[in-house]
Amino acid sequence: NFEKNLLFSKTDPKADYYINYSTHASLGEVVKIMKEDNDTLFVSPDAWLVYWQSDTNHLPKLFGYYTWMAGVPPLHQAVLEAFEKSPPTFFYCNNCRELDLGKYLIRYKEIKKEGGHTNLYALPEKINNLTKQQKFQLNFHKISLE
């Protein structure tokens, strides 16, 4: 009976969207504001909505990184080589500080929202070259780049 009440209970679609999708959708908008055509985004482990919302390219043949990929040498090596040779402009890293990708975070600057962590990072040169218009738009989203 308890499960039946849960299954057929009325929900608030706006609240459900906000709870389940707004964070990634918002970060996608932030990337979209900052990006240029040749920029790339990499996510770990997965944040497909950030890709979709930002309309940003991924690294060639690499969409994301799960912990199990470290146990598959060709995949693991491809990701490490990509970060060494042509690091992505943007890096969404959720709980990857302890993984082997965490070592690359020192190359990036974290993008903060309302003073809190977002797990979204950008190469410093990307942040340093933002236009006044881009900064104004990011301010609307309560993004701080300091």
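Me: Where do Lys 126 and Asp 39 lie?
Reply: Lys 126 sits in helix H5, and Asp 39 in the loop between H2 and S1, so the pair ties together parts 87 residues apart in sequence.

Me: Are Lys 126 and Asp 39 buried or exposed?
Reply: Both are buried. Lys 126 has a relative accessibility of 8%, and the cut-off for buried is under 20%.

Me: Which network includes Lys 126?
Reply: Salt bridges with shared partners join Lys 126, Asp 39 and Glu 36 into one network. The side chains of Lys 126 and Glu 36 form a salt bridge at 2.8 Å, N to O. Glu 36 is also in the loop between H2 and S1, so its pairing with Lys 126 ties together parts 90 residues apart in sequence. Glu 36 itself counts as partly exposed, at 49% relative accessibility.

Me: How many salt bridges are there by this rule?
Reply: Five. One of them joins the side chains of Arg 107 and Glu 84, at 3.3 Å from N to O. Arg 107 is in the loop between S3 and strand S4 (109–113) and Glu 84 is in helix H4, so this pair ties together parts 23 residues apart in sequence. Arg 107 is partly exposed, with a relative accessible area of 32%. Glu 84 is partly exposed too, at 46%.

Me: Back to Asp 39. Which side chain does Thr 89 touch in a polar contact?
Reply: That of Asp 39, at 3.3 Å. Thr 89 lies in the loop between helix H4 (73–85) and S3. At 9% relative accessibility, Thr 89 counts as buried.

Me: What else is Thr 89 in contact with, leaving aside neighbours within four places in sequence?
Reply: Besides Asp 39, there are Thr 40, Tyr 108, Tyr 121, Ala 122, Leu 123 and Lys 126.

Me: How do S1 and S2 pair?
Reply: In the parallel sense, over two bridges. Thr 40 has Asn 57 as its bridge partner in S2.

Me: What is the bridge partner of Val 43 in S3?
Reply: Tyr 92. Tyr 92 also stands opposite Leu 120 in S5.

Me: Are the faces of S3 covered or open?
Reply: Both are covered. Phe 90 and Tyr 92 on one side are buried, and so are Phe 91 and Cys 93 on the other. In a regular strand the side chains alternate between the two faces of the sheet.

Me: Which residues have the most contacts inside the largest nonpolar core?
Reply: Met 34, Phe 42, Phe 91, Leu 101 and Ile 111, in a core of 38 residues. The elements giving two or more residues to this core are helix H2 (13–34), S1, helix H3 (48–54), H4, S3 and S5. H2 supplies the largest share, five residues.

Me: Big picture: how many helices and strands?
Reply: Six helices and six strands. From the N terminus they run α-α-β-α-β-α-β-β-β-α-α-β. Of the chain's 146 residues, 40% count as buried. The C-alpha trace spans about 55 × 45 × 25 Å along its principal axes.

Me: Last one. Where is confidence lowest?
Reply: In helix H1 (residues 2–7), at a mean pLDDT of 65. Where pLDDT is low, the predicted coordinates should not be read in detail. Confidence is highest in helix H5 (residues 124–128), at 97, and that is the helix that holds Lys 126. The chain averages 89, and 92% of the residues score at least 70.

Methods: Residues numbered from 1 in each chain as written. Predicted model: local features only at pLDDT ≥ 70, side-chain atom pairs only at ≥ 80, totals over all residues. Heavy atoms only, no water. Buried < 20%, exposed > 50% of the residue type's maximum accessible area, 1.4 Å probe, protein only. Helix = DSSP H or I, 4+ residues; strand = E, 2+ residues; numbered from the N terminus. Pairing = 2+ DSSP bridges. Polar contact = N/O pair within 3.5 Å; in protein donor to acceptor, adjacent residues only side chain to side chain. Contact = heavy atoms within 4.5 Å. pLDDT = per-residue confidence, 0-100. Core = buried A, V, L, I, M, F, W, Y, C linked by side-chain atoms within 4.5 Å. Salt bridge = Lys/Arg side-chain N within 4 Å of Asp/Glu carboxyl O.
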